[in-house]
Amino acid sequence: MLKRKDLLGLRDLSKDEMLQILGTAVEMKEIIESGNKKTGHLVGKNVVTLFYENSTRTRTSFETAAKIMSANCTSISASASSVQKGETLIDTGLNLDALLTDVIVLRHSMSGAPHLLARNVRASVINGGDGMNEHPTQALLDIFTMREEFGDELRGLKVVIAGDVKHSRVARSNIWGLSKLGAELTVVSPRTLLPLEIEKTGVKVSDNLDEAISGANVVMGLRVQLERQNASLLPSVSEYMRFYGITDSRMAKADAQAILMHPGPLNRNVEVSSSAADGDNSRILKQVTNGVAVRMALMYLLCGGSV
């Protein structure tokens, strides 16, 4: 079991805790691939997905993981809940506590919302993405995918993260997680889409994808998040694709065994060309499958499970 009630981010998660989750996920992946996708790991546990933002992969992944482990799973969308009547996040959480909820998976547009909820409820809170802060389970599944490809030791692995870093909670969680495992990270983006003082996290920064991608082991594209932008930070989508889009020709500059990743949703021919997304180097759909295994492992460990 994890020696914590909640999983709110990778910034404050230790390397040992990450490795515990990732190691347990290996066993969960074996269950997924066994053909008998039903276990008793969470019999009698109640899981609620509470989403204040739209989601396909994350929400479905958590719900699939919970159901495989025989948990009772309830899905709540803020747009169809008492939130629309003025109920606060804390009151919603307290009511879920009263309904005997064991795990709340929260996605919220405000950074820090999962931390606020966790301080006020008995249930374990898992951050399913909070504003532009973190998306820890996405980073864990990304790291899990890299370990499957390159082995458990990621020290020295060359990872390029390219795209809208400024608005990406996925990038932030991957930076915290991969840095603790010794990977060499380079973020590539137009200067208008870079967070202030990102260099202080220890990553390399570049605005030239053609140079940065040379010899990379992992190339991760990020979605251009136009909905989070308050100003026009790009001249045009076509110009972005020209200079920062991941294409077959750019992937050819990476290591011969390099893999392509993307957290989704994928804007084809904006961040990644269709041919690259569907090519032999792509692990985009494998990431989705691995997300189920990682989330199974996390919920199991937070509910007191041990390996």
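Modeller: I begin with Asp278, which counts as exposed at 55% relative accessibility; exposed means over 50% relative accessible area, buried means under 20%, and partly exposed is in between, with a 1.4 Å probe and protein chains only. The model is predicted, so local features need a pLDDT of at least 70 and side-chain atom pairs count only at pLDDT 80 or more, whereas totals for chains, interfaces and linings use all residues. Residues are numbered from 1 along each chain as its sequence is written, and side-chain values use heavy atoms, leaving out hydrogens and water.

Asp278 forms a salt bridge with Arg268, and their closest N and O atoms are 3.0 Å apart. Asp278 belongs to the loop between α10 and α11 (284-302) and Arg268 to the loop between β9 and α10, so this pair ties together parts that are 10 residues apart in sequence. Arg268 itself counts as partly exposed, at 41% relative accessibility. Elsewhere, salt bridges with shared partners join Lys29, Glu33, Glu148, Glu149, Arg283 and Lys286 into one network.

Two terms used here need their rules. A salt bridge is a side-chain nitrogen of Lys or Arg within 4 Å of a carboxyl oxygen of Asp or Glu. Helices (H or I, at least four residues) and strands (E, at least two) are DSSP runs, numbered from the N terminus.

The loop between β9 and α10 also contains Asn269. Although Asn269 is not a glycine, its phi is positive, at about 65 degrees; this residue is partly exposed, with a relative accessible area of 43%. Pro265 is placed in the loop between β9 (259-261) and α10 (274-277) as well, and the peptide bond from Gly264 to Pro265 is cis, with omega near -5 degrees.

The structure holds 17 salt bridges. In one of them, Glu53 pairs with Arg169, with the closest N and O atoms 3.1 Å apart. Glu53 lies in the loop between β1 (46-51) and α2 (57-68), and Arg169 lies in helix α6 (residues 169-180), so the pair ties together parts that are 116 residues apart in sequence. Both Glu53 and Arg169 are buried.

A further salt bridge, at 4.0 Å from N to O, joins the side chains of Asp207 and Arg191. Asp207 is in the loop between β7 (204-206) and α7 (209-212), and Arg191 is in the loop between β6 (184-188) and β7, so parts 16 residues apart in sequence are tied together. Asp207 is partly exposed, with a relative accessible area of 39%.

Asp130 is buried yet has no salt bridge, and the nearest side chain of opposite charge, Arg169, is 6.2 Å away; here Lys and Arg count as positive and Asp and Glu as negative, while His and the chain ends are not counted. The side chain of Asp130 does reach backbone atoms: a polar atom of this side chain lies 2.8 Å from the backbone nitrogen of Gly112, and the side chain reaches the backbone nitrogen of Glu134 at 3.1 Å. Not counting residues up to four places away in sequence, Asp130 touches several residues, among them His108, Met110, Pro114 and Arg169, where contact means heavy atoms within 4.5 Å.

Note on methods:
Polar contact = N/O pair within 3.5 Å; in protein donor to acceptor, adjacent residues only side chain to side chain.
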